[in-house]
Amino acid sequence: MRRPNDVARNEGRPLPASPTTPSPVRIQMIEDSQPPATPQLAELYSDFEASMMVPLWTQIADLMPASPASRARAHLWRWSSLLRLAERAGDLVPVGRGGERRAMALANPGLGGRPFATPTLWAAVQYLMPGEVAPEHRHTQHAFRFVIEGEGVWTLVNGDPVAMRRGDFLPQAGWNWHSHHNATTTPMAWLDGLDIPFVHATESGFFEFGPEDVDTTATPARSRSERLWGHPGLVPVSAAVSVPSTPLFVYRWERTDAALDDQLRLEDEQHPGVLEKGHAAVRFSNPSTGGDVLPTIRAEFHRLRPDATTRTRREVGSSVWQVFQGRGEIRVGDEPWTVERGDLFVVP
Ligand SMILES: [Fe+2]
């Protein structure tokens, strides 16, 4: 709304952003490629600050770079040390309403101590003790679980119990109710991946609590989701509409293993299939669309033959990798690492 009296009262100077709160805007005068630093320019910048305005010419290199420069850094976490810390948390920290999950996130050293593995991805070790229940909730953040070892936990997704076993990949779209229960006498740890930093940056997070107890402690070997959607190339006609996130709540290790194995066998027979020499790779896909499993997260499984070397790749999307089995040499930027089972590393 136009308020001519404001100008008159301030003799042509803009009103401060708030009479009591100092402006957080700070504009630096930079000689290079900027107007000459004169007292008049300093006064103009000072008035921009008071008016909560920022001129593009002082910000364009940061806001519109010629190419991305991530604040995140390449970093490696050893599974053995993550697991030891998770076990200690198991002894000290209860699981229940409020904290919701005994999940310990990877904090990228370039991201100021936030629990963010990359600017868009969360990755955490979750640990559930025998008999424990992680209570039901839902949120707009998309999620997946990946099981590096152990079994005995069932995740309930909208009341459908899904068994978690080594090598299984369990995507779960935002806003589905979910909880976990450990039906065994041993603890279980797994990797949680979510788009928490992305949702945080876009301020699109919603969260609701469900009941503290799980609806059922049933432990079926196969979930209803697998029975409906887990048949390759077969989509149920009753539900044959495209949905943006996968309706299949688990991708079993046996199938992933067979798909990777078949690619390498095809290579042995001089047929196409592998991504490159000695390098098999599959992408988890949404059976209703053929696209990625989740709108904000792509998930893949790669297998390298002994002594195989991949091409160097450069990508804009950030990623978190976990070693499922074996040992290898990894180079991310200038960082060379020897990695083994369970180790996690970030490619910014
Ligand atoms: Fe959750």
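This is a short tour of the structure above, one selection at a time.

**Before you start**

The model is predicted, so local features are described only where pLDDT is at least 70 and side-chain atom pairs only at pLDDT 80 or more, while totals for chains, interfaces and linings use all residues. Residue numbers start from 1 along each chain as its sequence is written, and side-chain values use heavy atoms, with hydrogens and water left out.

**Stop 1**

**Stop 2**

Select M52, in the loop between α2 (39–50) and α3 (60–63). Helices (H or I, at least four residues) and strands (E, at least two) are DSSP runs, numbered from the N terminus. The phi angle of M52 is positive, near 60 degrees, and M52 is not a glycine. Is M52 buried or exposed, or in between? Buried means under 20% relative accessible area, exposed over 50% and partly exposed in between, with a 1.4 Å probe and protein chains only. M52 counts as partly exposed because its relative accessibility is 42%.

**Stop 2: the iron ion**

Now go to the iron ion. Which protein atoms are its donors? They are the NE2 atoms of H137, H139 and H178, lying 2.1 to 2.2 Å from the ion. A donor here is an N, O or S atom within 2.8 Å of the metal (3.2 Å for Na, K and Ca); water is not among the atoms, so sites may look incomplete. Along the sequence, the spacing of the donor residues is H-x1-H-x38-H. H139 belongs to strand β4 (residues 133–139) and H178 to strand β9 (residues 178–182), so this pair ties together parts that are 39 residues apart in sequence.

Show the surface next. H139 counts as buried because its relative accessibility is 8%, and H178 counts as buried at 3%.

**Stop 4**

Keep β4 selected: 6 of its 7 residues are buried. Two strands pair if DSSP finds at least two bridges between them. By that rule, β4 pairs with β9 in the antiparallel sense over 3 bridges, and H137 has H178 as its bridge partner in β9. β4 is also joined by 3 bridges to strand β11 (residues 207–209), again antiparallel. There, H137 stands opposite F209.

**Stop 3: a covered hairpin**

Select strand β6 (residues 153–157) and β7, which run antiparallel and are joined by 5 bridges. One of the bridge pairs is L156 with P161 in β7. The two strands form a hairpin with 2 residues between them, and N158 in the turn has a positive phi of about 50 degrees.

In a regular strand the side chains alternate between the two faces of the sheet. How many of the residues of β7 (residues 160–164) are buried? The count is 5 of 5. D160, V162 and M164 cover one side, and P161 and A163 the other.

**Stop 4: the second largest pocket**

Here a pocket is an open set of points on a 1 Å grid over the protein atoms alone, where a 1.4 Å probe fits, with protein on both sides within 12 Å along at least five of seven lines; lining residues have an atom within 4 Å of a point. The second largest pocket has a volume of about 520 Å³. Of its 23 lining residues, G230, P232, L248, Y251 and R255 are the closest to its centre.

α6 (224–229), α7 (253–268) and β12 (279–283) each supply at least two lining residues, and α7 gives the most, with 3.

**Stop 7**

Finish with D307, in the loop between β13 (300–304) and β14 (319–322). D307 has a positive phi of about 70 degrees although it is not a glycine, and it counts as exposed at 81% relative accessibility. A308 is found in the loop between β13 and β14, and counts as partly exposed at 25%. From A308 to E276 the C-alpha distance is 9.5 Å, although they are 32 residues apart in sequence.

Technical notes: Grid points are joined across faces, edges and corners, and a volume is the space filled by probe spheres set on the points.
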